Amino acid sequence: MSKLKGRVAVVTGGGRGIGRALCLKFASEGASVVVNDLDAEPAKEVVAAIEAKGGKALAFPGSVTAPDFADKLIAATLEKFGDLHIIVNNAGYTHDGMIHKMSDDQFDAMYEVHVKAPFKILRAASHHFRAVTKQEAEEGRDVYRKVVNISSVAGMGGNVGQANYSAMKAAVIGLSKALSKEWGRMKINVNAVAFGFIETRMTQAVDEKKTIQVEGREVAIGIPRGNVEAFKAMIPMGRAGTPEEAADGVYLLCSPESNYISGQVLVVGGGFSI
Ligand code: CAA
């Protein structure tokens with residue numbers, strides 16, 4: 001179980017759900033993991049769980065949308081672990097509404113977290129990537145690096161009530177494809193994973209509205225029970241995915257077996273087709 005031995009991975013939104021499962025998976029394969037989350041406590045808990053099993057991890061709490069977040073994240077990673085091999089842009093949330101009721105802020109919030117934040121993190125990492133890959137090439141060393149940007153089937157096929165989220169999850173596919181072309185020569189595989197219906201606190205079936213505060217916004221978590229049943233009816237495997245199964249899909253594209261796979265969108269959705 002050491003496919004990622006010596007690798008350094010950054011996971012945004014790593015404190016709960018899919019991100020948490022991914023951090024634990026990476027660590028179980030020997031990677032050192034930088035665990036970001038908006039909330040400090042869950043990030044620290046994941047770090048403690050990794051360290052309890054003898055792994056290495058760093059909690060880096062904070063909002064991915066903060067103006068100086070990206071530069072600080074990359075600097076802290078390099079300072080602690082000396083290199084960076086895997087970036088998973090996983091942090092995000094939904095802010096649903098029919099378009100006739102959707103505010104500018106509701107649209108912009110999705111742009112900030114799902115598109116601009118991944119762009120800034122990858123731009124911040126690019127300076128290190130350019131320097132280190134040049135050196136590795138000069139030394140004749142074959143080192144592959146991995147970027148996975150999290151998209152959604154909503155970004156591929158659209159979803160009612162998610163004009164904002166669907167638009168941004170489509171945009172992040174464009175970002176991934178562009179960088180796969182810019183960064184292939186540096187041996188950096190850039191792919192997107194589009195999740196279908198995965199069980200997390202964002203997708204739990206609710207009878208009454210529940211909300212959380214995200215950067216001063218009141219955001220609904222959970223979706224109406226009827227919608228959940230309708231989604232499940234469209235999944236050939238007949239059930240939602242678990243966070244661990246979702247993480248496994250991302251892990252595949254971070255493993256050495258994906259060294260010649262780039263610019264792709266992997267749908268992890270139990271057979272759901274768009
Ligand atoms: N198609 C077309 N119209 C629909 C519709 C549908 N499937 N569902 C509802 N409508 C219509 C209603 O008939 C209603 O029309 P009128 O105003 O003419 O009567 C109108 O839309 C408003 O419906 P609601 O009363 O439900 O509106 P609301 O403002 O209370 O709620 C909503 C809207 C927030 C979008 C709510 O319906 C909702 O939460 N839907 C679920 C959204 C969803 O699927 N989210 C995905 C979560 S999973 C995820 O995001 C992960 C991933 O990556 C896949």
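Of the 16 residues around the ligand, which come nearest? Select Asp96, Lys101, Ser152, Gln162 and Tyr165, which come nearest of those 16, where a residue counts as near if one of its heavy atoms lies within 4 Å of the molecule.

Before going on, note that this is a predicted model, in which local features need pLDDT of at least 70 and side-chain atom pairs count only at pLDDT 80 or more, while totals for chains, interfaces and linings use all residues. Residues are numbered from 1 along each chain as its sequence is written, and side-chain values use heavy atoms, with hydrogens and water left out.

Now show the side chain of Asp96, which has an N or O atom 2.9 Å from a nitrogen atom of the ligand. Moving to Ser152, you will find a side-chain N or O atom 2.6 Å from an oxygen atom of the ligand, and at Tyr165 a side-chain N or O atom lies 2.9 Å from a ligand oxygen. With the ligand still selected, consider that the protein covers 55% of the 1,100 Å² of accessible area that the ligand has on its own (Shrake-Rupley method, 1.4 Å probe).

Next, colour the shell around the ligand by residue type, and it divides into 6 nonpolar, 8 polar and 2 charged residues.

Thr12 is buried, with a relative accessible area of 2%, buried meaning under 20% with a 1.4 Å probe and protein chains only. Beyond its neighbours within four places in sequence, Thr12 is in contact (heavy atoms within 4.5 Å) with residues including Asn36, Val64, Leu73 and Ile121.

Technical notes
Buried means under 20% relative accessible area, exposed over 50%, partly exposed in between (1.4 Å probe, protein chains only). A polar contact is a pair of N or O atoms within 3.5 Å; within protein, one must be able to donate a hydrogen and the other to accept it, and residues adjacent in sequence count only if both atoms are side-chain atoms. Ala, Val, Leu, Ile, Met, Phe, Trp, Tyr, Cys and Pro count as nonpolar, Asp, Glu, Lys and Arg as charged, and the others, Gly among them, as polar.
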